[in-house]
Amino acid sequence: HLGLSLGLLIVGARPLLAQPNVAPPIPSDRALAVATDSLIESAMRAGLAPGFGVSVVRNGRVIWQRAYGYADASAKIRASNDTRWYVASTSKSFTGFAMALLDDGGQLPFTRSIREALPQTTWHDGVNPDSLTIARLLSHTHNLNDDVVVVSSAFTAAVPEQQWPALLQSIRPAKRQALNYR
């Protein structure tokens, strides 16, 4: 999945690499779909993953989607447009990129405290949300034990997303001050 994430980020970044003051041509929906399909077919032929689920979204609308290969290669279960993919940490690159765009636009600076970003959230008594910045959360230097959130939401999907704010109350400070990567 990492190859796909990087590939799509590169495709998405192409206009950023264009010549200054020269607007890059905007591909049609069809051309974008054909190019994406070609990229993923190449990835499949190279054996980068047993399967992919791909959606191309433009202006908030899905313009093309396709499933490739297997959702479970060992059980020979084919991927479909309804397959739920576990993407694990590959989503962090998208979150970081989105946050960089918001920071660059002045809409949500990396230096903003989590209390300011999520004012309605209640935190464990040992956590100081004024000292937690978006940058510290993104860089995993928040010094929090987030096991309950990781296990309850990311690994098991046992807790629906609308209940995640309540999980934040159970996050306690970590016993040691260090990088806490999941």
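Figure 1. A43 touches L48 and F52, leaving aside residues up to four places away in sequence; a contact means heavy atoms within 4.5 Å. The model is predicted: local features need pLDDT of at least 70, side-chain atom pairs count only at pLDDT 80 or more, and totals for chains, interfaces and linings use all residues. Residues are numbered from 1 along each chain as its sequence is written, and side-chain values use heavy atoms, with hydrogens and water left out. A43 belongs to the largest nonpolar core, which has eleven residues in all: L32, A33, I40, A43, A49, F52, V54, V56, I63, W64 and Y68. Such a core is a set of buried Ala, Val, Leu, Ile, Met, Phe, Trp, Tyr and Cys residues joined through side-chain atoms within 4.5 Å. Buried means under 20% relative accessible area, exposed over 50%, and partly exposed in between, with a 1.4 Å probe and protein chains only. At least two residues of this core come from each of α2, β1 and β2, and α2 gives the most, with four residues. A second, separate core has ten residues, including W123, L132, V159 and L168.

Figure 2. An open sheet of three strands has the order β1-β2-β3 and antiparallel pairing. Its edge strands, β1 (51–58) and β3 (77–78), each pair on one side only. Helices (H or I, at least four residues) and strands (E, at least two) are DSSP runs numbered from the N terminus, and two strands pair if DSSP finds at least two bridges between them. Eight bridges join β1 to strand β2 (residues 61–72) in the antiparallel sense. V62 in β2 is the bridge partner of V57, while G69 in β2 stands opposite G51. The hairpin of β1 and β2 has two residues between the strands, and N59 takes a positive phi near 55° there. Helix α2 (residues 29–45) lies across β1 and β2 and runs at about 15° to β2. Axes are lines fitted to C-alpha atoms, for helices over the stretch in contact, and angles run from 0 to 180 degrees between N-to-C directions.

Figure 3. The structure holds five salt bridges, each defined as a side-chain nitrogen of Lys or Arg within 4 Å of a carboxyl oxygen of Asp or Glu. Side chains of opposite charge can pair when their charged atoms come close. D29 is partly exposed, at a relative accessible area of 26%. The side chains of E41 and R66 also meet in a salt bridge, at 2.8 Å, N to O. Because E41 lies in helix α2 and R66 in strand β2, this pair ties together parts that are 25 residues apart in sequence. E41 has a relative accessible area of 25% and is partly exposed; R66, at 30% relative accessibility, also counts as partly exposed.

**Figure 4. The salt bridge of R115 and D130.** R115 forms a salt bridge with D130, and the closest N and O atoms are 2.8 Å apart. The pair links distant parts of the chain: R115 is in helix α4 (residues 114–117), whereas D130 is in the loop between α4 and α5 (134–138), 15 residues away. R115 counts as partly exposed at 38% relative accessibility, and D130 counts as partly exposed at 45%. Elsewhere, salt bridges that share partners join D29, R58 and R61 into one network.

Figure 5. Helix α3 (residues 91–104) has 14 residues, which at 1.5 Å a residue should span 20 Å; its end C-alpha atoms are 20 Å apart, in agreement. The expected span is 1.5 Å times one less than the number of residues in the helix. G106 follows α3 and has a positive phi, near 75°. Q120 lies in the loop between α4 and α5 and counts as exposed, at 74% relative accessibility. The C-alpha atoms of Q120 and P165 are separated by 9.0 Å, although these residues are 45 residues apart along the chain.
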